[in-house]
Amino acid sequence: MQIDFKLSPSQNETRAVSDFLSSLSDTDLLIETKAAIKTEREATAAVVRYFKEINDRELYLKYACSSLFQFATERLGYCAGSAQLRINAMRLIEALPETEAKIESGALSLTAAAKVQSFILLEKKQNKIYSTEEKRELVDACLKKSTREVERELAKINPDIQKIETLKPVGRDRFQISFSISEDTEVKVKKLKGLLAHTNPNMTTEELFDKLLELGLEKFDPARKADRALKRTMRSNVTTAEQLHPCESFKSGKTAQSIKADQSLQPNQAPASACSIVEADNGAGYPKKIDRIVRSLHAREMEKPQNLGARDTRARSISAEVKHTVWRRNENRGCEFVSGDGKRCGSQHALQIDHVFGFARGGVHSLENLRVVCAKHNRFVWREKRCRPLTRTGSARAR
Ligand SMILES: [Zn+2]
């Protein structure tokens with residue numbers, strides 16, 4: 001038998017409810033609201049009971065779901081948070097059957113029950129096993145308390161447990177991050193939201209988080225720094241061309257300002273004119289001429305003989321221009337280390353520029369000899385080059 005999992009009221013039902021509500025006096029509206037809350041609690045407890053039966057039968061497998069959570073979100077239409085609340089409460093009821101009546105009566109909210117269960121699981125991960133009696137005491141301590149009061153109650157028992165961060169997918173393109181913050185941080189969140197309220201009066205924490213991430217990336221992302229440097233180079237070259245090498249485009253009356261405007265400050269976009277200062281893109285968003293400019297700046301250094309026996313007079317640090325080109329060439333694709341079977345690492349963690357042929361062995365700061373790798377692969381490559389095992393602190397140990 002095919003089951004339609006959609007639960008949507010008809011238009012007639014919706015209109016009837018709306019007409020009924022608008023006909024109520026203020027007093028009756030509050031009485032009906034309290035009655036609806038009671039019905040909601042009873043219905044929630046019933047849903048939790050149904051969840052338990054579905055789980056016991058592993059019925060979700062029949063409908064191509066690998067878990068009750070997946071079944072609840074993909075088949076029954078619950079959002080991830082609501083599904084998890086009910087599943088956590090179900091687990092608590094499995095351990096303490098009397099909890100069901102407490103949820104149904106409202107003495108223990110569904111959120112409180114879920115938080116208690118989550119706390120017990122987290123404690124278990126830290127090798128603290130709760131006995132049935134201890135679980136019962138925990139539930140009793142959370143009766144008739146708000147969500148925040150329950151959180152404080154649990155934090156009294158283990159203040160560190162709430163600091164655990166979690167990140168999990170909750171949909172095709174959504175993730176849920178969970179972590180606790182201090183009161184000071186909460187004050188900062190509220191203050192910043194308030195300061196930004198003139199542009200977004202209803203800013204969500206996700207929007208605030210995204211804005212802060214953008215600010216952080218703008219400041220710390222080497223690829224973005226490279227983009228800005230490229231913009232400056234392009235502007236500078238256009239000015240130089242205008243001053244020293246007037247060409248047909250200038251003679252035709254096109255000003256430097258209009259040429260700069262043509263570029264629209266797009267770092268990956270080569271200007272269409274300006275004496276061909278930057279040639280057409282090579283197809284990978286990487287202007288060939290800029291590459292050549294950077295190469296020429298370092299040609300002398302690259303041409304130096306790599307004589308290990310001679311006194312090394314090369315500059316230790318890589319120039320900013322070359323670094324920027326290496327970061328732009330990476331195109332945010334992460335660690336460039338490739339294994340023997342052709343798999344690229346791609347990690348974005350602690351990326352740094354590495355010499356393919358080590359600097360200490362005569363490797364130069366050429367674009368061909370530089371690549372972006374993660375910190376772990378940088379250490380791995382360094383260890384391979386040195387043929388020495390690493391200690392736990394990452395320092396080389398002589399054989
Ligand atoms: Zn890597």
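Tutor: One definition to start: helix axes here are lines fitted to C-alpha atoms over the stretch in contact, and angles between N-to-C directions run from 0 to 180 degrees. Keep in mind that this is a predicted model.
Student: Okay, at what angle do H5 and H7 pack, and how far apart are their axes?
Tutor: The angle between H5 (residues 80–95) and H7 (residues 110–125) is about 65°, and their axes are 8 Å apart.
Student: So what do we call that arrangement of H5 and H7?
Tutor: Roughly perpendicular, because angles of 65 to 115 degrees count that way. H5 passes H7 in a left-handed crossing.
Student: Which residues in H5 meet H7?
Tutor: Gln84, Leu85, Asn88, Ala89, Arg91 and Leu92 do, and on the H7 side they meet Leu110, Thr111, Ala113, Ala114, Val116, Gln117 and Ser118.
Student: Switching topic: how do strands E1 and E2 run, parallel or antiparallel?
Tutor: Antiparallel, with four bridges joining E1 (residues 166–169) to E2 (residues 175–178). Threonine 166 in E1 stands opposite serine 178 in E2.
Student: And what joins E1 to E2?
Tutor: A hairpin, through five residues.
Student: Zooming out, how many helices and strands are in the protein chain?
Tutor: The chain has 18 helices and four strands. Of its 399 residues, 19% count as buried.
Student: What about contacts across the sequence?
Tutor: Taking contacts between residues at least 6 apart in sequence, 52% join residues at least 24 apart.

Notes
Residues numbered from 1 in each chain as written. Predicted model: local features only at pLDDT ≥ 70, side-chain atom pairs only at ≥ 80, totals over all residues. Helix = DSSP H or I, 4+ residues; strand = E, 2+ residues; numbered from the N terminus. Parallel < 35°, antiparallel > 145°, perpendicular 65-115°, else oblique. Left-handed = near helix turned anticlockwise from the far one by under 90°. Contact = placed C-beta atoms within 7 Å. Pairing = 2+ DSSP bridges. Buried ≥ 20, exposed ≤ 12 C-beta atoms within 10 Å, placed from the backbone.
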